[in-house]
Amino acid sequence: MALNARLDHRNPLVFDTHELGRRPGALQRLTRETGAPKDFGIQGVIGVPEGAPVKLDLRLESVMEGVLVTGTARAQAKGECVRCLEPLELELEADFQEMFSYPDADDRGRPKAEPVDDAEEDEDMLFIEDGLFDLEPVLRDAVVLALPMQPVCREDCPGLCAQCGARLADDPDHHHDAVDIRWAALQGLAGSLGDGEKDDTSDAEPGVDEKQEK
């Protein structure tokens with residue numbers, strides 16, 4: 001990832017490394033609780049609602065080329081069961097580790113002799129800017145990986161009836177009588193013929209048959 005335009009230290013997901021310093025081996029542990037950003041999860045499936053509390057436990061370690069950030073995020077995710085479509089909640093715990101590099105150092109942590117504008121090399125890198133780093137993109141990736149792609153309210157959820165949409169967990173004995181489609185058409189035809197015969201009989205005038213016999 002290329003250098004960010006400018007990081008805002010007031011953003012709760014932006015962290016300051018000035019106290020940590022650039023001495024390799026220095027450690028700093030942080031705990032922070034913040035509100036979840038918008039679209040925090042798998043959109044349309046499951047995620048942490050915007051503004052819901054997210055607890056972060058972080059370990060910042062200074063290395064030659066930057067700051068290695070290791071942490072865990074905990075929150076409550078909400079979604080919908082893919083089988084019965086009922087709302088569900090689950091406790092989310094997402095672990096992550098990411099290197100935030102100093103933009104003025106090479107891969108051995110030494111100052112670069114000459115600035116190099118290599119877009120491909122920087123594309124997948126995260127940088128520290130003015131002593132700050134933004135954790136949000138790392139956190140988003142970690143949360144998506146930790147969430148189930150097909151959440152269910154329970155492992156043995158039977159889902160919905162394919163014929164009428166009834167929730168099978170509410171009625172374990174729910175079923176429909178099976179009808180052979182090969183006979184269904186014949187039954188309909190027999191019914192229409194029976195109705196036609198009744199109509200013909202009802203239209204006949206009383207005593208006509210008796211007169212014909214005489």
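Residues are numbered from 1 along each chain as its sequence is written. Because the model is predicted, local features need pLDDT of at least 70 and side-chain atom pairs count only at pLDDT 80 or more, while totals for chains, interfaces and linings use all residues; side-chain values use heavy atoms, with hydrogens and water left out.

Start with the strands. Helices (H or I, at least four residues) and strands (E, at least two) are DSSP runs, numbered from the N terminus. Two strands pair if DSSP finds at least two bridges between them. Strand β6 covers residues 66–80, and strand β7 covers residues 87–101. They pair in the antiparallel sense, over 15 bridges. Take alanine 77 as an example: its bridge partner in β7 is leucine 90. The hairpin of β6 and β7 has 6 residues between the strands. There, leucine 85 takes a positive phi near 65 degrees.

β7 has another partner to look at. It pairs with strand β8 (residues 126–127) in the parallel sense, over 2 bridges. Serine 101 has phenylalanine 127 as its bridge partner in β8.

Now look at charge. Side chains of opposite charge can pair when their charged atoms come close. A salt bridge is a side-chain nitrogen of Lys or Arg within 4 Å of a carboxyl oxygen of Asp or Glu. By this rule, the count comes to 7 salt bridges.

Which residues are linked in a network of salt bridges? They are Asp57, Arg74 and Glu93. Aspartate 57 meets arginine 74 at 2.7 Å, N to O. Aspartate 57 lies in strand β5 (residues 53–62) and arginine 74 in strand β6, so this pair ties together parts that are 17 residues apart in sequence. Arginine 74 also meets glutamate 93, at 3.3 Å, N to O.

Aspartate 57 is partly exposed at 26%. Arginine 74 is partly exposed at 34%, and glutamate 93 is partly exposed at 49%.

Another salt bridge joins aspartate 8 and arginine 10, with the closest N and O atoms 3.1 Å apart. Aspartate 8 is partly exposed, at 34%. Arginine 10 is exposed, at 68%.

Next come the cysteines. A disulfide is a pair of cysteine sulfur atoms within 2.5 Å. How many disulfides does the structure hold? It holds 0. Cysteine 157 is in no disulfide either, and its nearest cysteine sulfur, that of cysteine 153, is 3.7 Å away. Cysteine 81 is buried, at 0%. Cysteine 157 is buried too, at 6%.

Finish with two loops. Methionine 125 lies in the loop between α1 (119–122) and β8. It is partly exposed, at 26%. Methionine 125 and serine 101 are 24 residues apart in sequence and 7.4 Å apart in space, C-alpha to C-alpha.

Glutamine 163 lies in the loop between α2 (136–146) and α3 (181–203). Is glutamine 163 buried or exposed? At 63% relative accessibility, it counts as exposed. Glutamine 163 and histidine 176 are 13 residues apart in sequence and 8.1 Å apart in space, C-alpha to C-alpha.

Conventions. Buried means under 20% relative accessible area, exposed over 50%, partly exposed in between (1.4 Å probe, protein chains only).
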